[in-house]
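Here is a briefing for a reader new to this structure. Look at the model first, then work through the points below.

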Amino acid sequence: MGGGENDRDLLDALAAVVGPDRVLGPDDAGEDYEHDECLTVAPRRPAAVVLPETTEEVAAVVRLAAGRGVPITARGSGTGLSGAATPADGAIVVSFERMAAVLELDTDNHVAVVQPGLRLNELDEVTAAAGLVYPVYPGEYSASLGGNIATNAGGMRAVKYGVTRHQVLGLELVLADGSIVRTGGKFVKATTGYDLTQLVIGSEGTLALVTEATLRLYPRPEHQATVLAPFTTLDEVTAAVPRIIDSGVGPLILEYIDILTMSAVASFTGLELGIPQEIKDTALAYLVVMLENTDPTRLDDDIHSVASQLHELGAIDAYVLPPAAAGQLIDAREKAFWMAKANGADDIVDIVVPRAQIPEFMEKVAALAAEHEAWIAGCGHAGDGNVHLGIFCADDQRRSRLLSALFAAGVGLGGAISGEHGIGEAKQAYFLELEDPAKVALMRRIKAAFDPDGILNPGTLLG
């Protein structure tokens, strides 16, 4: 783009596709379109923001961009944490805020067909009315389904239901040349060619634009309970996790919270959980176990079973939280990013390791924090090994060395750089440094097959 006249020409061409009222120029778009919630990727002003309302309009915008060699960044609600929704220089942002409908709620097949701009809380209202639930809750209820698909979002309920890729049965996609294809459908198994649905999930907008998704739904249990167990060591917490899973109670949530994060929760929210001070003084880590059931009597049985197991596994005590307090604690845990941000964190990472390796990994975290003169607070999905760390280290170079060492430690234990936030732009250099070069080369060939001119979200994931 050469600025001035070329910029005006692009805006006029886009207006001819979707109408002038749904095209925003760089001076009119506002700051929200320049970034997501990543703490380390600087905002960038897009060349244009387009607000399509149909798949055909998205396809026409992509064809226009492809013909001009203009990059495209897809955007949902901008709640991502990796910089993947930060537009490339001179990019067109395709914002899906006007494609936010539940197109179909099929109660016989237990699926919902939705547009990508639909937010989780909006879908939950619709499914709740039908006694169903879409179970992926990555911690931000205003997150869009398209963004969740782009990053393969997870969340606390992954220990029971899995992550986004386990819930997406089919997609409608606009490819980099503007063609439209459908993958999958209202079925749970198929051995018919390559699984393009799963290939696109987690690709962070680099392979195609998602314009429709078919999502798996489940019966919504009516009864829930939350047990909070303080432990004297994190090792005891992680040792308890497989035993709880083996018991057959099917926990909805298994989360650990370290003492620093629990203190932050209490100060940030004013939450009072009724734990005696002498136990607070002894506890160094907490395990949160949420249970659900369609039958209240069976739920009571599960509560007693879990509480007994926790005592046998070394918990100082086990508290069945009142519903209001439980809701506040889960909500605060899901919003740990915002607490860390409010407290001045310089970065947030979500390294994943095999859950049995969490104690060893956290030992390495403590050692690396001391070595690099940083402060690190942690919590995470103990049931699936996804560890969330708030990094407090203001010096950019020292923090970069620390992150490199943290990621290498996680990978060395059989894990990966990110469990659910994605690589985006923020973690790209570390990903390319630590990943097997043969795998990266294969990924580049896949990218080239989908997007030969490299217009879809350049600078994200593979660069």
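Two bridges join β12 to strand β15 (residues 319–320), and the two run antiparallel. Strands here are DSSP runs (E, at least two residues), helices are DSSP runs (H or I, at least four), and both are numbered from the N terminus. Two strands pair if DSSP finds at least two bridges between them.

This is a predicted model: local features need pLDDT of at least 70, side-chain atom pairs count only at pLDDT 80 or more, and totals for chains, interfaces and linings use all residues. Residues are numbered from 1 along each chain as its sequence is written, and side-chain values use heavy atoms, with hydrogens and water left out.

**Strand β12 and its partners**

- V227 stands opposite V320 in β15.
- β12 also pairs with strand β14 (residues 285–293), in the antiparallel sense, over nine bridges.
- Within that pairing, Q224 has E292 of β14 as its bridge partner.
- Strand β12 covers residues 223–231, and seven of its nine residues are buried. Buried means under 20% relative accessible area, exposed means over 50%, and partly exposed lies in between (1.4 Å probe, protein chains only).

**The whole chain**

- The protein chain has 16 helices and 18 strands.
- Its radius of gyration is 23 Å, close to the 23 Å that the globule rule gives for 463 residues, so the chain is as compact as a globular protein of that length. The radius is taken over C-alpha atoms, and the rule is 2.2 Å times the number of residues to the power 0.38.
- The C-alpha trace spans about 70 × 55 × 40 Å along its principal axes.
- Of the 463 residues, 55% count as buried.
- Among contacts with a separation of 6 or more, 75% are between residues 24 or more positions apart. Contact means heavy atoms within 4.5 Å.
- The accessible surface comes to about 19,000 Å², and 51% of it belongs to carbon and sulfur atoms. Areas come from the Shrake-Rupley method with a 1.4 Å probe; for residues, only the protein chains shown count as cover.
- The chain carries 33 positive and 64 negative charges, whose mean positions are 4 Å apart. Lys and Arg count as positive, Asp and Glu as negative; His and the chain ends are not counted. Each charge is placed at NZ of Lys, CZ of Arg, CG of Asp or CD of Glu.

**An open sheet of four strands**

- The strand order is β1-β2-β4-β3, with mixed pairing.
- β1 (23–24) and β3 (72–75) stand at the edges with a single partner strand each, so one side of each has no neighbour in the sheet.
- β3 pairs with strand β4 (residues 92–95) in the parallel sense, over four bridges.
- R75 stands opposite S95 in β4.

**Positive phi values**

- Most residues other than glycine have a negative phi.
- E204 is not a glycine, yet its phi is positive, about 60 degrees. This residue lies in the loop between α6 (196–200) and β10 (209–216). E204 is buried, with a relative accessible area of 5%.
- N457 also has a positive phi, near 50 degrees. N457 lies in the segment after α16 (437–450). At 3% relative accessibility, N457 counts as buried.

- R399 is found in helix α14 (residues 396–412).
- R399 is buried, at 11% relative accessibility.
- Leaving out residues up to four places away in sequence, R399 touches T40, D346, D347, I391, C393 and A394.
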